[in-house]
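Dear colleague,

Please find the structure we spoke about below. My notes on the two ligands and a few single residues come after it.

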Amino acid sequence: MSLKDELKQDRLPSHVAIIMDGNGRWAKKRGNSRMFGHKHGVTAVREVTESAAELGINFLTLYAFSTENWSRPKTEVDALMSLLVSTISSETSTLMKNNVKLNAIGCTESLPSSVQAKLDTCIQKTSANTGLTLTLALSYSSRWEIIEAVKQIAADVKDNQLNIDDISADVISNRMATSGIPDPELMIRTSGEHRISNFLLWQLAYSELYFCDILWPDFRRDDFYRALLDFQGRERRFGKTGDQIKK
Ligand code: IPE
Ligand code: IPE
Ligand code: MG
């Protein structure tokens, strides 16, 4: 039986978030430049997107470039931005073929205009697709997102649009960049690093976390199925006792 066949269709997460890490180390191991790893990471993005779409997962969120990644050497940042432009162009047909709708979260205004233009075009082109929603976190950090949400809430209170007593978890969720998207049930990070790196801090409150040593360019469908199988073997308790959950 293949790993895919072992998955229980009725227990798939509706939202999976991934910190795609390890491109640089993958390239270095091969005596190549870090960009070589980023380029090969595109194959993994395609594989995971296609398999999530095939499985009927509703939301896939990929951490592609963090606010902190702007501090990398300019040559790497520039090359990553060019890679984004070429990848969005070349992969639009894959998204269309798989009925995937593209979305982006983050401070996208800080991206070069060439990236913004390609993103806008692809988001527009895929907007009527009804399958998986693929969200790219670009120039994204969770603290940036929380600061933006707090500013909006403060402005609404100041303008008498919102009472302080009405500020709830839902009000905050609705001010996040992920508004309208359920919190991820599963968060995967590759490359052996065990940290969150400023990704979806609010939304990951009760997510199952899955860490694997595989470097992102090597991540394939079976690795994704393994993460989903591991998720399906877990008991999500949300503060309750195990006995309460089993009832
Ligand atoms: C992830 O791989 C891609 C981005 C953060 C853009 P890295 O570039 O972080 O690769 P490592 O962690 O240095 O190996
Ligand atoms: C997190 O990876 C950001 C992305 C995958 C886009 P990093 O490689 O930047 O994270 P740290 O700095 O090692 O925590
Ligand atoms: Mg890294």
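This is a predicted model: local features need pLDDT of at least 70, side-chain atom pairs count only at pLDDT 80 or more; totals for chains, interfaces and linings use all residues.

Residues are numbered from 1 along each chain as its sequence is written, chains are lettered from A and ligands numbered from 1 in the order in which they are written, and side-chain values use heavy atoms, with hydrogens and water left out.

Ligand 1

The shell around ligand 1 (residues with a heavy atom within 4 Å of it) consists of Met-20, Asp-21, Gly-22, Asn-23, Gly-24, Arg-25, Arg-34, His-38, Ala-64, Asn-69 and Arg-72. By class these are two nonpolar, five polar and four charged residues; here Ala, Val, Leu, Ile, Met, Phe, Trp, Tyr, Cys and Pro count as nonpolar, Asp, Glu, Lys and Arg as charged, and the others, Gly among them, as polar.

- a polar backbone atom of Gly-22, at 3.3 Å;
- a polar backbone atom of Asn-23, at 3.1 Å;
- an N or O atom in the side chain of Arg-72, at 2.7 Å.

Taken alone, ligand 1 exposes 380 Å², and the protein buries 87% of that (Shrake-Rupley areas with a 1.4 Å probe; for residues, only the protein chains shown count as cover). Two elements give two or more residues to its shell, helix H2 (23-29) and helix H3 (34-55); helices are DSSP runs of H or I with at least four residues, strands are E runs of at least two, and both are numbered from the N terminus. The largest share, three residues, comes from H2.

Ligand 2

Around ligand 2 are Ile-19, Met-20, Asp-21, Tyr-63, Ala-64, Phe-65, Ser-66, Asn-69, Arg-72, Arg-189, Arg-195 and Ser-197. They divide into five nonpolar, three polar and four charged. Strand S2 (residues 59-66) gives the most to this shell, with four residues.

Arg-72 turns up here again, with a polar side-chain atom 3.3 Å from an oxygen atom of ligand 2. For Arg-195 the corresponding distance is 2.7 Å, and for Ser-197 it is 2.6 Å. Ligand 2 exposes 390 Å² when taken alone, of which the protein buries 77%.

Other residues

Ser-141 lies in the loop between strand S4 (133-140) and helix H6 (142-158). It counts as buried because its relative accessibility is 3% (buried is under 20% relative accessible area, exposed over 50%, partly exposed in between, with a 1.4 Å probe and protein chains only). The side chain of Ser-141 reaches the backbone nitrogen of Trp-144 at 3.1 Å.

Ser-207 is in the loop between strand S5 (186-189) and strand S6 (208-211). Its 10% relative accessibility is why Ser-207 also counts as buried. A polar atom of its side chain lies 2.6 Å from the backbone oxygen of Pro-184.

Asp-78, in helix H4 (residues 74-97), counts as partly exposed because its relative accessibility is 36%. Asp-78 and Pro-112 are 34 residues apart in sequence, with their C-alpha atoms 9.2 Å apart in space.

Regards

Key. A polar contact is a pair of N or O atoms within 3.5 Å; within protein, one must be able to donate a hydrogen and the other to accept it, and residues adjacent in sequence count only if both atoms are side-chain atoms.
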